[in-house]
Amino acid sequence: MSYAGRSKYDEPGRAERYRERSERRNREEWALVEALLRTLPGAPRSALDVPCGTGRIAEHLLGRGLDVRCADLSPAMLAQAEDRLA
């Protein structure tokens, strides 16, 4: 069985374009994550960001002081995340 997400972002330039996607969409996603974080019984100390994509959510979580681990099936997306979070 194949999964398109495993390879589609490895097409030349696609991960870079994804990284530059709409800031509005990024804010909307982060608002959902913040709402979820507020439902937790205590303040989290760590997070696993899967699939991490270009590291947008991980960047916010790191900014909140969490220890974050990132994983993604796409090497190109993971490279974008590593670059963003370096």
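In which sense do strand β1 and strand β2 pair, and over how many bridges? Strand β1 (residues 46-49) and strand β2 (residues 67-70) run parallel and are joined by four bridges; strands count as paired if DSSP finds at least two bridges between them.

The model is predicted, so local features need pLDDT of at least 70 and side-chain atom pairs count only at pLDDT 80 or more, while totals for chains, interfaces and linings use all residues. Residues are numbered from 1 along each chain as its sequence is written, and side-chain values use heavy atoms, with hydrogens and water left out.

**Figure 1. Overview of the protein.** The secondary structure consists of five helices and two strands, in the order α-α-α-β-α-β-α from the N terminus. Helices (H or I, at least four residues) and strands (E, at least two) are DSSP runs, numbered from the N terminus. The C-alpha trace spans about 40 × 30 × 30 Å along its principal axes. Of the 86 residues, 27% are buried; buried means under 20% relative accessible area, exposed over 50%, and partly exposed in between (1.4 Å probe, protein chains only). The accessible surface is about 6,000 Å², and carbon and sulfur atoms hold 53% of that area. Accessible areas come from the Shrake-Rupley method with a 1.4 Å probe, and for residues only the protein chains shown count as cover. Among contacts between residues at least 6 apart in sequence, 56% join residues at least 24 apart; a contact means heavy atoms within 4.5 Å.

Figure 2. Asp49 has Cys70 in β2 as its bridge partner. The chain passes from β1 through α4 to β2 in a right-handed β-α-β crossover. Right-handed here means that, with the strands pointing away from the viewer, the path from the first strand over the helix to the second runs clockwise. Ser46 is placed opposite Asp67 in β2.

Figure 3. Pro51 lies in the loop between β1 and α4. The peptide bond between Val50 and Pro51 is cis, with omega about -10°.

**Figure 4. Helix α4 and its surroundings.** The buried residues in α4 are Arg56, Ile57, Ala58 and Leu61. They pack against α2, α3, β1, β2 and α5. Ala58 touches Asp49, Val68, Cys70 and Leu85, with residues up to four places away in sequence not counted.

**Figure 5. The largest nonpolar core.** Seven residues form this core: Trp30, Leu37, Ile57, Ala58, Leu61, Leu66 and Val68. Two or more of these residues come from each of α3 (23-38) and α4, and α4 gives the most, with three. A nonpolar core is a set of buried Ala, Val, Leu, Ile, Met, Phe, Trp, Tyr and Cys residues joined through side-chain atoms within 4.5 Å. In soluble globular proteins, nonpolar side chains tend to be buried together.

**Figure 6. The two faces of helix α5.** Helix α5 (residues 75-85) has Met77, Gln80, Ala81 and Arg84 buried. Seen down the axis of α5, these buried residues fall within an arc of 100°, so they line one face of the helix; the arc is that of the directions from the helix axis to the C-beta atoms. The buried residues of α5 pack against α2 (14-19) and α4 (56-63). On the face turned away from the buried side are the exposed residues Pro75, Glu82 and Asp83. Asp83 has a relative accessibility of 51% and therefore counts as exposed. Asp83 and Thr54 are 29 residues apart along the chain, and their C-alpha atoms are separated by 8.5 Å.

Figure 7. Gly13 is located in the loop between α1 (4-7) and α2. Its relative accessibility of 28% makes Gly13 partly exposed. Gly13 and Ala76 are 63 residues apart in sequence, with a C-alpha to C-alpha distance of 9.1 Å. Glu28 belongs to helix α3 and is partly exposed, with a relative accessible area of 43%. Between Glu28 and Ala58, which are 30 residues apart in sequence, the C-alpha to C-alpha distance is 15 Å.
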